[in-house]
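Please look over the chain shown here before reading on.

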Amino acid sequence: MITLYGIKTCDSCRKARRALDAQGTAYRYHDLREDGLDAERLDAFLARSDWKTLLNTRSTTWRGLDEADKSDLDAASARALLLAHPTLLKRPVLETPDRLLVGFQAEAYRAL
């Protein structure tokens with residue numbers, strides 16, 4: 001099953017949902033604000049993608065963090081931040097059985 005992770009107010013997530021709907025791709029939507037992000041799922045993401053790719057340093061959530069939380073980041077501290085603030089995950093994340101797509105890329109979605 002394909003799962004799309006995002007938030008309702010994210011423009012890129014809306015584009016991803018429209019693209020999947022337009023091509024008739026079945027998927028489950030997981031809202032990071034409402035449904036959260038558990039450690040098991042995050043670890044699965046981190047096994048398939050680099051933490052620097054998954055951490056959205058351009059988000060409103062990131063800008064609201066204390067400077068101490070943003071400095072000297074490594075994989076462990078980024079993981080802790082993502083668990084504490086799921087909306088720090090770069091969106092959308094599309095998880096298929098064989099791929100993990102981070103961010104919306106129209107060509108990659110068409111290739112599904």
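## Helix α1 and its cover

The cover over the buried residues of α1 includes β1 (3-6), β3 (93-95) and α8 (106-110). The model is a predicted one. Helix α1 itself takes in residues 11-22, 12 residues in total. From first C-alpha to last it reaches 16 Å, close to the 16 Å expected at 1.5 Å a residue.

Which residues of α1 are buried? They are Cys13, Ala16, Ala19 and Leu20. Viewed down the axis of α1, these buried residues fall within an arc of 125 degrees, so they line one face of the helix. The general rule is that an α-helix has 3.6 residues a turn, so residues three or four places apart point the same way. On α1, the face turned away from the buried side carries the exposed residues Asp11, Arg18, Asp21 and Ala22. Gly24 follows α1, and its phi is positive, near 75 degrees.

## Ala16 in the buried face

Ala16 sits in helix α1. Is Ala16 buried or exposed? Its relative accessibility is 0%, so Ala16 counts as buried; the cut-off for buried is under 20%.

Leave out residues up to four places away in sequence, and Ala16 touches Leu4, Pro92, Phe104 and Tyr109. Ala16 and Arg91 are 75 residues apart in sequence. In space, their C-alpha atoms are 9.6 Å apart.

## The cis bond at Pro92

Pro92 is one of the residues that Ala16 touches. Pro92 lies in the loop between α7 (75-84) and β3. The peptide bond that joins Arg91 and Pro92 is cis, with omega at about -15 degrees.

β1 sends Thr3 and Tyr5 one way. Leu4 and Gly6 point the other way. All of these residues are buried.

β1 pairs with strand β2 (residues 28-31). The sense is parallel, and there are four bridges. Which residue of β2 is the bridge partner of Leu4? It is Tyr29.

## Helix α7

Ala78, Leu81 and Leu82 are the buried residues of α7. Down the axis of α7 they fall within an arc of 100 degrees, so they line one face of the helix. The face of α7 turned away from that buried side carries the exposed residues Ala76 and Ala84.

What covers the buried residues of α7? The cover includes α3, α4 (51-54), α5 (60-63) and α6.

Asp72 is in the loop between α6 (67-70) and α7. Its phi is positive, about 55 degrees, although Asp72 is not a glycine. In general, most residues other than glycine have a negative phi.

Asp72 has a relative accessible area of 73%. The cut-off for exposed is over 50%, so Asp72 counts as exposed.

## Arg48 in α3

Arg48 belongs to helix α3 (residues 39-48). Its relative accessible area is 35%. Arg48 is therefore partly exposed, a class that runs between the 20% and 50% cut-offs.

Which residues does Arg48 contact, apart from its neighbours within four places in sequence? They are Glu95, Thr96, Pro97, Asp98, Arg99 and Leu100. Arg48 and Ala78 are 30 residues apart in sequence and 15 Å apart in space, C-alpha to C-alpha. Ala78 is one of the buried residues of α7.

## The whole chain

The protein chain has eight helices and four strands. Along the sequence, they follow the pattern β-α-β-α-α-α-α-α-α-β-β-α. The radius of gyration is 14 Å, close to the 13 Å that the globule rule gives for 112 residues, so the chain is as compact as a globular protein of that length. Its C-alpha trace spans about 45 × 25 × 25 Å along the principal axes.

Of the 112 residues, 44% count as buried. The chain exposes about 6300 Å², and carbon and sulfur atoms supply 46% of that area. Among contacts with a separation of 6 or more, 64% come from residues 24 or more positions apart.

Technical notes. Residues are numbered from 1 along each chain as its sequence is written. This is a predicted model: local features need pLDDT of at least 70, side-chain atom pairs count only at pLDDT 80 or more; totals for chains, interfaces and linings use all residues. Side-chain values use heavy atoms; hydrogens and water are left out. Helices (H or I, at least four residues) and strands (E, at least two) are DSSP runs, numbered from the N terminus. The expected span of a helix is 1.5 Å times one less than its number of residues. Buried means under 20% relative accessible area, exposed over 50%, partly exposed in between (1.4 Å probe, protein chains only). The arc is that of the directions from the helix axis to the C-beta atoms. Contact means heavy atoms within 4.5 Å. The radius of gyration is taken over C-alpha atoms; the globule rule is 2.2 Å times the number of residues to the power 0.38. Accessible areas come from the Shrake-Rupley method with a 1.4 Å probe; for residues, only the protein chains shown count as cover. Two strands pair if DSSP finds at least two bridges between them.
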